[in-house]
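Me: I have a new model open and would like to learn how to read it. Could you walk me through it?

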Amino acid sequence: MIDISKQSVKIDCPECKRSISVTIKQVADEALVKCSCGQGIQLQDSNGTNKKEIKDINKSFKDLENTFKKLGR
Ligand SMILES: [Zn+2]
C-alpha cells in the first residue's frame, strides 16, 4: 500500500537557506530536524493540517486499492 507519509518535502533552512528534505510524517509529528549547518529546525504542522492530509490521502489510496480489487475480480 502506498503511504503518503513517507513522501518527502523540501524546506529551506532559515539559517543557510539550503533546502532540506523531510518526510511529511516528520512535519505531521512536528519533529526537530537538523540542517547540515548545525541549525535545528522545529517543524510545525499548523492546525494538524498534514496529519489530516496524510489520513485523507491514505484513505483515498485505500479506496482506490479497493476499486482495483473489485475490477480484478
Ligand atoms: Zn542550514
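Reply: Happy to; we will go from the overall fold to single residues. Keep in mind that this is a predicted model.

Me: What share of the 73 residues is buried?

Reply: For burial, we count the C-beta atoms around a residue: 20 or more within 10 Å makes it buried. In this protein, buried residues make up 5% of the 73.

Me: How do I check the helix α2?

Reply: Compare its expected span with the distance between its ends. Helix α2 covers residues 49-71, and at 1.5 Å a residue its 23 residues should span 33 Å; the end C-alpha atoms are 33 Å apart, which agrees. The helix is also hardly covered, with two buried residues among its 23.

Me: Now the strands. Which way do β1 and β2 run, parallel or antiparallel?

Reply: Look at the bridges that join them. Strand β1 (residues 8-12) and strand β2 (residues 19-23) run antiparallel and are joined by five bridges. As an example, Val9 has Val22 in β2 as its bridge partner. The two strands form a hairpin with six residues between them, and Lys17 in the turn has a positive phi of about 65°.

Me: Can we try a single residue? Where does Glu30 lie?

Reply: Glu30 sits in the loop between α1 (24-28) and β3 (32-34). Exposed means 12 or fewer C-beta neighbours. Glu30 is partly exposed because 14 other C-beta atoms lie within 10 Å. Leaving out residues up to four places away in sequence, Glu30 touches Gln42, Leu43, Gln44 and Asp45. The C-alpha atoms of Glu30 and Gln44 are 5.1 Å apart, although 14 residues separate the two along the chain.

Me: And Gly40: which residues does it touch, not counting those up to four places away in sequence?

Reply: Follow the steps again. Gly40 lies in strand β4 (residues 40-42) and, on that count, touches Leu32 and Lys34. Gly40 counts as exposed because it has 10 C-beta neighbours inside 10 Å.

How values were computed
Residues numbered from 1 in each chain as written. Predicted model: local features only at pLDDT ≥ 70, side-chain atom pairs only at ≥ 80, totals over all residues. Helix = DSSP H or I, 4+ residues; strand = E, 2+ residues; numbered from the N terminus. Expected span 1.5 Å × (residues − 1). Contact = placed C-beta atoms within 7 Å. Pairing = 2+ DSSP bridges.
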